[in-house]
Amino acid sequence: MKCSFTLNGRAVEAEIDGLTPLLRLVRDHAGTGTKLGCGEGRCGACTVLVDGEPVASCLYPAANVEGRQVRSIESIAAPDAPLSPVQDALLDGGAVQCGACIPGVVMTLTALLEKENRPSEERVRTELVGNICRCTGYHKIVESALAVTTASEEPV
Ligand code: FES
Ligand code: FES
């Protein structure tokens, strides 16, 4: 079957079957920034946004995005453009140690901060529950997310 959707602002039409995960389309059509970690919906490395909501694209059926807006990490900052406030904050906060988990973390935090300017620490931690970071723990990531909220009243 054909699946037509918007990926990072660009129209995509792909041939899929009922078992095709969204992750496959994202990596084929946007680039390899979205990572395959567990492949079982548990680590969050594959997080992308569908109509602004984070989903685990390794399990999310591609057929579900028909007519919808999908954003991957490639939408957050172009290679020659400044980093987003979330990316800046994670770098400034020493919260980035590897490229496996961080794209998913950026997508989850971006979705949250686009909806809420000043989420509480509890809210940030709750939103990040599906993003597994095996090397840093979560303190610096959470502190960085809270730094975004205190640095700007603008949506990110
Ligand atoms: S790769 Fe999708 S949740 Fe782990
Ligand atoms: S920074 Fe990648 S697993 Fe923690």
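This is a predicted model: local features need pLDDT of at least 70, side-chain atom pairs count only at pLDDT 80 or more; totals for chains, interfaces and linings use all residues.
**Entry 1**

I began with the strands. I found an open sheet of 5 strands, in the order β2-β1-β5-β3-β4, with mixed pairing. β2 (10-15) and β4 stand at the edges, each with a single partner strand, so one side of each has no neighbour in the sheet. Neighbouring strands are turned by 40° against each other on average, direction ignored.

Next I took the pair β1 and β2. Strand β1 covers residues 2-7 and runs antiparallel to β2, joined by 6 bridges. For a landmark, I noted that Ser4 stands opposite Glu13 in β2.

Then I turned to β3 and β4. They pair in the antiparallel sense over 4 bridges. Here my landmark is Leu49, whose bridge partner in β4 is Pro54.

**Entry 1**

Most residues other than glycine have a negative phi.

I located Asn8 in the loop between β1 and β2. Its relative accessible area is 26%, so Asn8 is partly exposed.

Asp51 counts as partly exposed because its relative accessibility is 43%.

**Entry 2: helix α3**

I moved on to α3, residues 102-115. The helix has 14 residues and reaches 20 Å from its first C-alpha to its last, close to the 20 Å expected at 1.5 Å a residue.

How much of α3 is buried? I read 12 of the 14 residues as buried, so the helix is largely enclosed by the rest of the structure. Among them are Ile102, Pro103, Val106, Met107, Leu109 and Leu112.

What covers these buried residues? On the strand side I listed β3 (47-50), β4 (53-56) and β5 (69-71). The cover also includes the helices α2 (85-92), α4 (121-127) and α5 (139-151). As for direction, α3 lies across β3, β4 and β5 and runs at about 35° to β3.

Leu113 counts as buried because its relative accessibility is 4%. From Leu113 to Gly99 I noted 14 residues in sequence and 21 Å in space, C-alpha to C-alpha.

Ser57 sits in the loop between β4 and β5. Is this residue buried or exposed? Ser57 is buried, with a relative accessible area of 0%.

I then checked what the side chain of Ser57 meets. One of its polar atoms lies 2.6 Å from the backbone oxygen of Cys46. Leaving aside neighbours within four places in sequence, I listed the contacts of Ser57 as Pro21, Leu22, Leu23, Thr34, Cys46 and Val48.

**Entry 3: the cysteines**

Cys46 is buried, with a relative accessible area of 3%. Cys38, at 27% relative accessibility, counts as partly exposed.

How many disulfides did I find? With a cut-off of 2.5 Å between cysteine sulfur atoms, the count comes to 0 disulfides.

Notes:
Residues are numbered from 1 along each chain as its sequence is written. Chains are lettered from A and ligands numbered from 1 in the order in which they are written. Side-chain values use heavy atoms; hydrogens and water are left out. Helices (H or I, at least four residues) and strands (E, at least two) are DSSP runs, numbered from the N terminus. The expected span of a helix is 1.5 Å times one less than its number of residues. Buried means under 20% relative accessible area, exposed over 50%, partly exposed in between (1.4 Å probe, protein chains only). Contact means heavy atoms within 4.5 Å. A polar contact is a pair of N or O atoms within 3.5 Å; within protein, one must be able to donate a hydrogen and the other to accept it, and residues adjacent in sequence count only if both atoms are side-chain atoms. Two strands pair if DSSP finds at least two bridges between them. Axes are lines fitted to C-alpha atoms, for helices over the stretch in contact, and angles run from 0 to 180 degrees between N-to-C directions.
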